[in-house]
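Have a look at the fold, then read on.

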Amino acid sequence: MLMLIQAGPAEVALMPWWVMYVAVIALTYAVFAMARRTGWAVPLGCLSFFVLMGVGALSLPGNLSLLMLALAALPFIGSLVGSRGRAPAARGAAGVAPGPRAIGRVPQQPLMAGQPRPDAVLRSKAMAERFAAGMPRDAGYLARMRYVRGIGEMTDRPVDLFTGGGQLWVAPLKADVPPVPIPARNVLRVDVWPEPEGPPTLRVSWSPPAGDLTAELVLEAMPNVPPEMVTPQLQTLSGVLTTAIAAEARKAETAEDAAMVPLSALRPGTLQPMTMPPPPPPVPHACPTCGEPVPPGARACPRCATPV
């Protein structure tokens, strides 16, 4: 770069030449990072092209116009590379769980302040252990809560909520306890309960297949959630969770109905008539006088001629 500037005609620049390089590096990195996260940084890459052309005109000689064009195009190229690098994760690459489905999706900022991003949770190392423990790979992330009580011997700890495979999954952050599934069809209701002391809690009531008639999962907001956002978050999660559980229950019922073959789907001739077993042979009567067996249809005993 210095050799190119020294070889050109002497011109008085309005700013040092290194400003161009600093601007190129900063804009390229910013546009690339934004494209990886949002995917809409291409317009910003086009805008940065004109900004860098102006910076280059003030810091580089006029005979280096091709170099200015090449440097100014770097942020735009970075935005394209960042957008392409983001595409496989959006489509659900092999070994990576896809993003949350439309059903069960919780709105993010600013309502879900203090909650982790769904893509960060689904790409975390803990997901591999959760999948190995039986959680389906198409599970949709809902929210991160603090478990209070309701599931076996589990103690108070942070958990992630998922829906998938017709079940609500309560997955602790530590691998010492595997994800606990609650069948969606057994969920009775989801409520936000006001507490006499402290913020409200989110409660999921369900009917286990055996044991107690009803069970109740009690969750509360994480400590990093702003106090003024606790109630709106819980109310939003209650609505989203109710919708997601109802959808999972309908999906499970549809799958069971599809597994049953109706009579109308059978081909003609496949139904065989039911063959009835032959009637048992008649039991002969015994003569009340001598005890001789009387043949069926006979009116008198063949031995003593006693009418029967």
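Let's start with Arg-130, which counts as buried because its relative accessibility is 4%, where buried means under 20% relative accessible area, exposed over 50% and partly exposed in between (1.4 Å probe, protein chains only). Arg-130 sits in helix α7, residues 126–132. Beyond its neighbours within four places in sequence, Arg-130 touches Val-121, Met-135, Asp-160, Phe-162, Ala-171, Pro-172, Leu-173 and Pro-179, a contact being heavy atoms within 4.5 Å.

A word on the source: this is a predicted model, with local features needing pLDDT of at least 70 and side-chain atom pairs pLDDT 80 or more, while totals for chains, interfaces and linings use all residues. Numbering runs from 1 along each chain as its sequence is written, and side-chain values use heavy atoms, leaving out hydrogens and water.

Now for Trp-17, found in the loop between α1 (2–7) and α2 (18–37). Trp-17 is partly exposed, at 33% relative accessible area. Together with Trp-18 and Val-22, Trp-17 makes a nonpolar surface patch of about 310 Å².

Another arginine, Arg-203, lies over the face of Trp-193, 5.0 Å from the ring centre; the cut-offs are CZ of Arg, or NZ of Lys, within 6 Å of the ring centre and within 35 degrees of the ring normal.

And the protein as a whole:

| Item | Value |
|---|---|
| Residues of the protein that count as buried | 33% of 308 residues |
| Contacts between residues at least 6 apart in sequence that join residues at least 24 apart | 53% |

Methods. Helices (H or I, at least four residues) and strands (E, at least two) are DSSP runs, numbered from the N terminus. Patches are made of residues with over 30% relative accessible area and no salt bridge: like charges are joined within 9 Å, nonpolar side chains (Val, Leu, Ile, Met, Phe, Trp, Tyr) within 5 Å. Accessible areas come from the Shrake-Rupley method with a 1.4 Å probe; for residues, only the protein chains shown count as cover. A salt bridge is a side-chain nitrogen of Lys or Arg within 4 Å of a carboxyl oxygen of Asp or Glu.
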